[in-house]
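Open your viewer and get ready to click through a few side chains. We will go stop by stop, selecting residues and seeing what surrounds them.

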Amino acid sequence: MSRLSALSISEVPSDINAIMSAGEDIMGFTPNDGLIMARNPEMLKAFLGLVQSIYQPSALDNDLKKLLGLMTSSASGCQYCQAHTQYGALKHGITEQKIAAIWEYQTSDLFSPAEREALDVARNAALVPNAVTDEQFERLKSHFSEVQIVEIVGVISLFGFLNRWNATFKTDIESAPAMASAKFTSVV
């Protein structure tokens, strides 16, 4: 049970309500972490601006962004974010097989060499203390531009925040992501 309950949508200020409704249209549900953060509307607005800037079409493939979020959340152990990233990856068209193989990325044919390097960095960046090595970062540079690397670290950092936020609040997982995550319970 969440340590701080999510607000009901009727308790959310009207200017935030429109933002939350747009999120529901995109995701298919209203995220409980946003309904917790809605207690501080300015924080929520600023946070949503960051999310939008990271997930807008860019130099970095959106499939990779989804996988980076999944690896970061899996490595940090945030069940809420794991469920959300699994759900989002499925909704975005990433196969169940690839999602289930996230921990086998180094050897699985489902992952490209570039994805392997990015996932290595995501896994090690999620650890405390950060375990990214100079060698890993140099290998990342052989596959990605500086702009793409900034985006990679942006996704990892976004999920670093979300992982700490949701693990600390023990945010209740909504039914759609919970059902998606149940497909991977024995694997991830």
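Is E115 buried or exposed? Select E115: this residue is buried, because its relative accessible area is 13%, and buried means under 20% relative accessible area, exposed over 50%, partly exposed in between (1.4 Å probe, protein chains only).

Before moving on, keep in mind that this is a predicted model, where local features need pLDDT of at least 70, side-chain atom pairs count only at pLDDT 80 or more, and totals for chains, interfaces and linings use all residues. Residues are numbered from 1 along each chain as its sequence is written, and side-chain values use heavy atoms, with hydrogens and water left out.

**Stop one: the partner of E115**

K98 and E115 form a salt bridge, with their closest N and O atoms 2.9 Å apart; the term stands for a side-chain nitrogen of Lys or Arg within 4 Å of a carboxyl oxygen of Asp or Glu. K98 sits in helix α6 and E115 in helix α7 (residues 113-125), so the pair ties together parts that are 17 residues apart in sequence. Helices here are DSSP runs (H or I, at least four residues), numbered from the N terminus.

**Stop two: E96 and K183**

Next, select E96 and K183. Their salt bridge has its closest N and O atoms 3.4 Å apart. Because E96 lies in helix α6 (residues 96-100) and K183 in the segment after α10 (175-182), this pair ties together parts that are 87 residues apart in sequence. E96 is partly exposed at 37%, and K183 is partly exposed at 48%.

**Stop three: K45 and D15**

Select K45 and D15, whose side chains meet in a salt bridge (2.7 Å, N to O). The pair links distant parts of the chain, 30 residues apart: K45 is in helix α3 (residues 41-55) and D15 in helix α1 (residues 14-27). K45 is partly exposed at 31%, as is D15 at 41%.

How many salt bridges does a search of the whole structure find? The count is eight.

**Last stop: N166**

Finally, go to N166 in helix α9 (residues 146-169). N166 is buried, with a relative accessible area of 1%. Show D33 as well: the side chains of N166 and D33 make a polar contact (3.3 Å), meaning a pair of N or O atoms within 3.5 Å; within protein, one must be able to donate a hydrogen and the other to accept it, and residues adjacent in sequence count only if both atoms are side-chain atoms. Not counting residues up to four places away in sequence, N166 touches D33, C78, Y80, C81 and T171, where contact means heavy atoms within 4.5 Å.

Conventions
Helix = DSSP H or I, 4+ residues; strand = E, 2+ residues; numbered from the N terminus.
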